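Hi,

Here is the structure I promised to pass on.

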Amino acid sequence: NTTIEWTGRDGNSSGQCVIERIGGFFSQGVAHVGMEVGYFIYQDTEVPWLPNTKYTLTVGVGMRNAGFSPATNLTAIGLTNTIPVGATATEVLTNDPLLTTANATKNVSTQALSSFSDLSLTFETGATAPTGTIFVFLGDQSGAGRSHFDNVRLDAVSALDPDGDGLPSDWETANSLNPNSGAGNDG
């Protein structure tokens, strides 16, 4: 596919964010998203936030070489509940109330050359979930170079565990265990 199924700061057809096909440089498949300094993209999953839920966002982030991923590189991922607004990724991460806590960053220059590694963040809602739907945010906060993203995954698991056995209730139910008992095979 040669289209980016994300919306960027400048719309869907910005040259600041492109599909790159660099032999051997990807997390999964044969291509990844390459992004210029300060730019960001986002995708509305159209899935509403749920209360008492643990969300884990995992994204493959890449270190191409010292020219594209210098020591000042800072790659960012995050979750929010609204269209990200700002001139740069840093501005969005600083001013979006949900993204200020539901984000993770990595200096990919510390990775091996031509490699991708997973960057993850976990965000847990309480009894009251954020309003709206889940937006996934990817951005480049660096002063130079480019950020690279691939293999975006978002998981949601109930954070409720009434029996206190460390196993989420929805997992216990799906595996024919009693979510209200922490004894024997149920715990």
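Where is Ser-181 found? Ser-181 sits in the segment after α2 (169-174); helices (H or I, at least four residues) and strands (E, at least two) are DSSP runs, numbered from the N terminus.

Before going on, a word on the source: this is a predicted model, where local features need pLDDT of at least 70, side-chain atom pairs count only at pLDDT 80 or more, and totals for chains, interfaces and linings use all residues. Residues are numbered from 1 along each chain as its sequence is written, and side-chain values use heavy atoms, with hydrogens and water left out.

Back to Ser-181. Ser-181 counts as buried because its relative accessibility is 18%; buried means under 20% relative accessible area, exposed over 50% and partly exposed in between (1.4 Å probe, protein chains only). A polar atom of the Ser-181 side chain lies 3.3 Å from the backbone nitrogen of Ala-183. Leaving aside neighbours within four places in sequence, Ser-181 is in contact with Asp-163, Asp-165, Glu-172, Asp-186 and Gly-187, contact being heavy atoms within 4.5 Å.

The largest nonpolar core has 26 residues, and Ile-41, Trp-49, Ile-77, Leu-79, Leu-138 and Phe-149 have the most contacts inside it. Two or more residues of this core come from each of β3 (32-36), β5 (53-63), β6 (75-80), β8 (115-124) and β9 (133-140), and β5 gives the most, with five. Another core, of nine residues, lies apart from it and includes Ala-89, Val-92, Leu-93 and Leu-99. (A nonpolar core is a set of buried Ala, Val, Leu, Ile, Met, Phe, Trp, Tyr and Cys residues joined through side-chain atoms within 4.5 Å.) Beyond four places in sequence, the contacts of Leu-138 include Trp-6, Met-35, Val-59 and Val-152.

Gly-38 is in the loop between β3 and β4 and is buried, with a relative accessible area of 10%. Gly-38 and Gly-145 are 107 residues apart in sequence and 9.9 Å apart in space, C-alpha to C-alpha. Among the contacts of Gly-38 beyond four places in sequence are Arg-9, Ala-87, Thr-88 and Asp-140.

Most residues other than glycine have a negative phi. Glu-46, in strand β4 (residues 40-48), has a positive phi of about 65°, and Glu-46 counts as exposed at 65% relative accessibility. Asn-151, in strand β10 (residues 146-158), also has a positive phi, near 55°.

Cheers

Technical notes:
Polar contact = N/O pair within 3.5 Å; in protein donor to acceptor, adjacent residues only side chain to side chain.
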